[in-house]
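Subject: Structure handover and notes

Dear colleague,

I am passing on to you the structure shown just below, together with notes on what was found in it.

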Amino acid sequence: MLKNKLDNTFLQNNLYLLLIALLLYSISVFTNNQQRSSKILTDFTAAQVKNIEKTNIEFNSFCNDSSIQKKIVSNNLSLQDVESLNHKLPYYFVSKNNRNYTEWAFWNTQTIIPDSTIFYSTDTIAFKKLANGYYFIQKRLLANKQIIALYPVKFNYAITNNNLSNDFVLGAEQGKNINISLQKTKYNVAFKTKFLFGLIYNSNQNIFSQNNITIWLRLLCLIPLFIFIHFASAHFLENYGLIKATLFLFGSLLFIRIVSYVFSFPLQFRQFTLFDPTIYGSSIILQSLGDLLINVLLCFWVVAFFSKHDKKIPAIFLSKNITTKYILIASSSMFFLSATVLTCNIIRSMVADSHISFDVVNFFSLNIYSVIGFIILCLIAVSYFYCCRLLYYFLLPILKHNFIQFMLVTVVLGLLLLSINISNENVSFELLALPWLLLFLYLLHIYFLGFISNNFIVSKLIFWLFFFSASVAIVLINENSQKELRNRKHYAEILATK
C-alpha cells in the first residue's frame, strides 16, 4: 500500500515532464512540413535547370570575350588569364582548327577531354555520358576553330575513393539518392526545349525531409522524456531495488528504440547523412553509423546506471551444490564469449563494412565520421569492460576458488561455438578473439585479487586504458590492412574489365 502511494506521488510530481514532451511533439506535428521524394525531385530538377542556364551564360561570355579568344589563338595568354580559367567550371576546350579533334589550342582541365563524336557532331547543345560522368555539352564555331564547353552534372567514376566520389556537382548531399536517366522520366531537365536528362530515385521508397523547426522540436521533446525515465529508474531503485530499476530502464529504452525503428520516432533519421547506409551498415539493427551511435549510447546509459549502484547488490555466495556451481560457471563463460564475439565483430565491421577512415597516420583522410567512430569505439570498450567487471564481481566467491575450471570451460565452449560456426568467413578473426578473452579474464581475475594495483602498476585506470586502446588499435590496423587489400583486388578487377 505504501509503495503504491509512493508511485502515485512520483507520478504527480513528475507527470509534467511527460506533458512537456507530449506538447513539444504535438507542436512539431503542426509545424512538420514533410517533403516526399516527389517534392525533393521537383526542387532538385528546378535547381539543375537553373544551373544549366547559368552555365550557358558563362559559356556565351567566354565565347564573346574577343580579348581572350585572340590571346588563345596567338598563344599569348598571361598568367593571370590562365589562373582565372584554370580548373573552373565549365571545362573549356578550344581547337586549333576545325578538322582534327586531337589538336587543341587551349584547355583548362585534365579531368576529361571531348571525344571525336562531340567534335564532329553538328549539335551545339547535347548531354552525354563520358568516361567519368554525365556532361552538359555546348559548342560554337568561330572562324576556323571550335569552342567546346563540358559541364559535369554528375560524376560516374569506375573506381571511387575519398577524392573521387560519384556525386552531383550541384547538390551533392541532396542527390545521394538520385540517379540520372538518359530517357525521359516524370522529372526532366531541358534547355531551350531540348531534353537533356531525367532524374529518378535510387529506391522506390519515399524519402522524407523535415524542416528545421520540426527537427528541433522533436529532439527537444526527447529531453523531458529521458529525464522522466531517469527519475523513474531512480524511484524504482529506491523502492524496488537495483535489479528492477535496471530492468525498467532497459525495458523503457528498448521499447523507445523499437518504436524508432518501426515508426521512425521521433524523426525520419534517413534524412541525415549520419544515418546513410552507404557510409556504414552491417545488419538490420546496425543500419547506419547513426543507429550504431544511438544503440551504443543507450547501452552505455544502462551499464553506467547499474555500475553506479552495483554495491547495493551483494556478490553471489559460494554454493555447496556442485551442479549449481558449474551451471553458474558455464553460464558466465557463455556470457563472456558472446559479449566478446559481439564486441569484436562490431569493431571489425566499423572498418570492413564502412567508408569511414580510421587511418590516423594519414591525418587528412579523417573526417567527422572518423571522430564519431572513435567515440563509438570508446563507448563500446567502456561498456564491455564494465559489463564483464560487474559479472565477475558477482561471481567472485565462486570463481576465486574455481578459476582454472572456469578458464577450461571457457576454452571448451569457445572452441565448440567456433566449430559450429566454422562456415562463417570471420571464424579466423573470432578464433583470435578467444586467447584475447582468456588474457582479459586472467587480468580481470588478478585485478579483483589486488595484484595489479599492488605489484604491477600504480593506477588501474591507466592499465585498462592502455590494454583496451592497444587491443582496439590492433583490430583497426589489421582490418585496415585487410580492407586495403580487398580494395586493391576490387580495383584490379574493375581495371581488368575496362
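The expected span of a helix is taken as 1.5 Å times one less than its number of residues. With that in mind, helix H10, which runs over residues 368-394 and has 27 residues, reaches 40 Å from its first C-alpha to its last, and this is close to the 39 Å expected. At the start of H10, the backbone nitrogen of Tyr-369 has a side-chain oxygen of Asn-367 within 3.0 Å. Please bear in mind throughout that this is a predicted model.

Salt bridges

How many salt bridges does the structure hold? There are three, and I take them here in the order of the chain.

In one of them Lys-128 pairs with Asp-115, and the closest N and O atoms are 3.3 Å apart. Lys-128 belongs to strand E3 (residues 125-130), while Asp-115 sits in the loop between strand E2 (104-107) and helix H5 (116-120), so the pair ties together parts that are 13 residues apart in sequence. Lys-128 is partly exposed, with a relative accessible area of 27%, and Asp-115 also counts as partly exposed, at 28% relative accessibility.

Another salt bridge is made by the side chains of Arg-257 and Asp-291, at 2.8 Å from N to O. This pair links distant parts of the chain, since Arg-257 is in helix H7 (residues 242-263) and Asp-291 is in helix H8 (residues 289-308), 34 residues apart. Are these two residues buried or exposed? Both Arg-257 and Asp-291 are buried.

The remaining salt bridge joins Arg-488 to Glu-484, with 3.2 Å between the closest N and O atoms. Both residues lie in helix H15 (residues 460-497), four residues apart, which is about one turn of the helix. In general, an α-helix has 3.6 residues a turn, so residues three or four places apart point the same way. Arg-488 is exposed, with a relative accessible area of 56%, whereas Glu-484 is partly exposed, at 39%.

Helix H6

On the surface, Trp-216, Leu-219, Leu-220, Ile-223, Ile-227 and Phe-231 form a nonpolar patch, and together they have about 560 Å² of accessible area. One of these residues, Ile-227, lies in helix H6 (residues 212-240) and is partly exposed, with a relative accessible area of 33%. His-230 is also placed in helix H6, and it counts as partly exposed, at 34% relative accessibility. Along the chain His-230 and Ser-252 are 22 residues apart, and their C-alpha atoms are separated by 10.0 Å.

A buried glutamine

Which backbone oxygen does the side chain of Gln-69 reach? It is that of Phe-62, at 2.8 Å.

With kind regards

Key. Residues numbered from 1 in each chain as written. Predicted model: local features only at pLDDT ≥ 70, side-chain atom pairs only at ≥ 80, totals over all residues. Heavy atoms only, no water. Polar contact = N/O pair within 3.5 Å; in protein donor to acceptor, adjacent residues only side chain to side chain. Patch = residues over 30% accessible without salt bridge, like charges linked within 9 Å, V, L, I, M, F, W, Y side chains within 5 Å. Areas by Shrake-Rupley, 256 points an atom, 1.4 Å probe, with all protein chains shown as cover. Salt bridge = Lys/Arg side-chain N within 4 Å of Asp/Glu carboxyl O. Helix = DSSP H or I, 4+ residues; strand = E, 2+ residues; numbered from the N terminus. Buried < 20%, exposed > 50% of the residue type's maximum accessible area, 1.4 Å probe, protein only.
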